[in-house]
Amino acid sequence: MPVSLFSEIQGRQQRLLSALGDDLLILPAGVPQQSIARFLQDSNFFYLTGFPEHGALLVIDPSNDKEQVTLFVRENTQQEQVWDGFTMGVEKASEQCPADKVRKIEELGDYLSSLQLKNRRVYYRPVHNHPSSEMLAKAMREAGTEAIDQGPAFEQLGHMRMIKSPREIAQMREAIRITGEAHHNCMRAARRHRREYQFEAEFEYTCKLQGSLHWAFGTIVAAGNHATCQHYIENAGAVQDDDLVLLDAGAVWNGYCADLTRTFPVSGKFSSVQRDLYEVVLASEKAGIAKVAPGVCMAELQRHSAIILLDGLKELGVIKGDTEQLIESAAYKAIWPGALCHSLGLDVHDVLLPGYHKGDKPLEPGMVITVEPGFYSQSFNPDIPEEFREIGIRIEDDILVTEDGHENLSIDTVKEVADVEAMIQSGAAD
Ligand SMILES: [Mn+2]
């Protein structure tokens, strides 16, 4: 682990130690999931340890002067190597991860019985299927200890994760750079690919060749009417010559996620209806981004973007009604069911403490958020004239909140009509 990351994680542990007071924090690592091909570390655990393996556990105990931070890991046994892979083991983990002591996970039982648990609160979120879950539950039960899964220490941890350090922002820039390049490659391949999963392959191939091993979430490739579905995941459909393709995807770099959406005409030329709608969504997205600054709330951004979107759609004759009323009554959710923003970081929907999403908690410098308005007109929406139906458009960028405003971290990924068309046309036609 590079020295500065080592000391940055030490700093995080120190901040948490002071937030704990007399309490204790126990944080299990994530567990391998059968449903995903690769193991993904628990984000809180990774943030506080930098340790990438499963089966591990972190204990932060302010009352233990000699050993405030203890990391339990699997030992690198031959048995492990035969069945589970090549773990770091105690020795290597001691060198690489900041902790007062790294111990074998087998020592957890003795360690727990040596702990003064009585009359203390333990911050603990059980991880389903973690090998130590039962042992921990038993130890706490026997000591009559209260395990709490929320409270000031978790809030402190959440707030720390919301505000990204320069090092974290650098990781996100790289994830976003790779993601942008993969989007461009998909546009260049648009006139060749005729199945949604071919775009998925193009995207993931580009990312993996550059060392991004994981995706922030399942790549969404939705052609034509499929793009009107918010969580379309099949990626199995045919792509017609006059379709728009909505590509929502993100690479991961050193644990940090990107999340970008572009919507483009596979022919290399927007039809006039497609272009008109696209320009409205783009204007709404730009208006939302322009307002990102410290002190502004996500709800205000959403409202502002919605006004621009609805006014634009009214001008095109797509919808009718009073903009204010459409917003107040939430009637506009029929064409834009999603939210404008979410937090981005170690998780694609990163930690966001209560009050930030819908409440009046303002953005702070160091937060990274997405801005992603959309227009989705289902075939069955009777309020929309037929020529505007069965179209889904979303445009999404990743925005850093800075001291004096914002920086669009995905500014290099093309989105202007002329640039998108030129990017597609620069690729081979078949
Ligand atoms: Mn998103």
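The questions and answers below go through a predicted model of one protein chain.

Reader: How many helices and strands does the protein chain have?
Author: The model is predicted. Buried residues make up 44% of the 430 residues in the chain. As for secondary structure, the chain has 13 helices and 16 strands.

Reader: What radius of gyration does the protein chain have, and what would a compact globule have?
Author: Along its principal axes, the C-alpha trace spans about 70 × 50 × 40 Å. A compact globule with 430 residues would have a radius of gyration near 22 Å, and the chain agrees with this because its own value is 24 Å.

Reader: What share of the contacts with a separation of 6 or more comes from residues 24 or more positions apart?
Author: The share is taken over contacts in the protein chain with a separation of 6 or more. Among these, residues 24 or more positions apart account for 72%.

Reader: Which domains is the chain divided into, and how far apart are their C-alpha centres?
Author: The division gives domain 1 (3-160) and domain 2 (163-425). Between their C-alpha centres the distance is 36 Å.

Reader: Which helix gives the most to the side of domain 1 that touches domain 2?
Author: The contact between domain 1 and domain 2 takes 11 residues from domain 1 and nine residues from domain 2. On the domain 1 side, helix 1 (3-20), helix 2 (43-49) and helix 7 each supply at least two residues. The one that gives the most, with four residues, is helix 7.

Reader: Which residues have the most contacts inside the largest nonpolar core?
Author: In soluble globular proteins, nonpolar side chains tend to be buried together. The largest nonpolar core here has 120 residues, and those with the most contacts inside it are Leu71, Ala175, Val245 and Ala251. This core draws at least three residues from each of domain 1 and domain 2.

Reader: Which residues does Leu71 touch, not counting residues up to four places away in sequence?
Author: Leu71 is one of the residues with the most contacts inside the largest nonpolar core. Beyond four places in sequence, Leu71 touches Thr49, Phe51, Ala56, Leu58, Ala93, Cys97, Ala99 and Val102.

Reader: Is Met162 buried or exposed?
Author: Met162 is found in helix 7 (residues 152-162). Leaving aside neighbours within four places in sequence, Met162 is in contact with Ser343, Val351, Leu352, Leu353 and Met367. Met162 and Glu364 are 202 residues apart in sequence, yet 8.9 Å apart in space, C-alpha to C-alpha. Because Met162 has 20 C-beta neighbours inside 10 Å, it counts as buried.

Reader: Which residues of helix 10 are buried?
Author: Helix 10 (residues 272-290) has 19 residues and reaches 26 Å from its first C-alpha to its last, close to the 27 Å expected. Its buried residues are Gln274, Leu277, Tyr278, Val280, Val281, Leu282, Ser284, Glu285 and Gly288.

Reader: How many C-beta neighbours inside 10 Å does Asn235 have?
Author: Asn235 is in the loop between strand 7 and strand 8. Phi of Asn235 is positive, near 55°, in a residue other than glycine. Asn235 counts as partly exposed because its C-beta neighbours inside 10 Å number 19.

Reader: Which residues does Met423 touch, not counting residues up to four places away in sequence?
Author: Met423 lies in helix 13 (residues 417-425) and is buried, with 21 other C-beta atoms within 10 Å. Beyond four places in sequence, Met423 touches His184, Met187, Arg188 and Val414.

Note on methods: Residues are numbered from 1 along each chain as its sequence is written. This is a predicted model: local features need pLDDT of at least 70, side-chain atom pairs count only at pLDDT 80 or more; totals for chains, interfaces and linings use all residues. A nonpolar core is a set of buried Ala, Val, Leu, Ile, Met, Phe, Trp, Tyr and Cys residues joined through C-beta atoms within 7 Å. A residue is buried if 20 or more other C-beta atoms lie within 10 Å of its own, exposed if 12 or fewer, and partly exposed in between; C-beta atoms are placed from the backbone. Domain bounds come from an automatic or database domain assignment. Two residues are in contact if their C-beta atoms, placed from the backbone, lie within 7 Å. The radius of gyration is taken over C-alpha atoms; the globule rule is 2.2 Å times the number of residues to the power 0.38. The expected span of a helix is 1.5 Å times one less than its number of residues.
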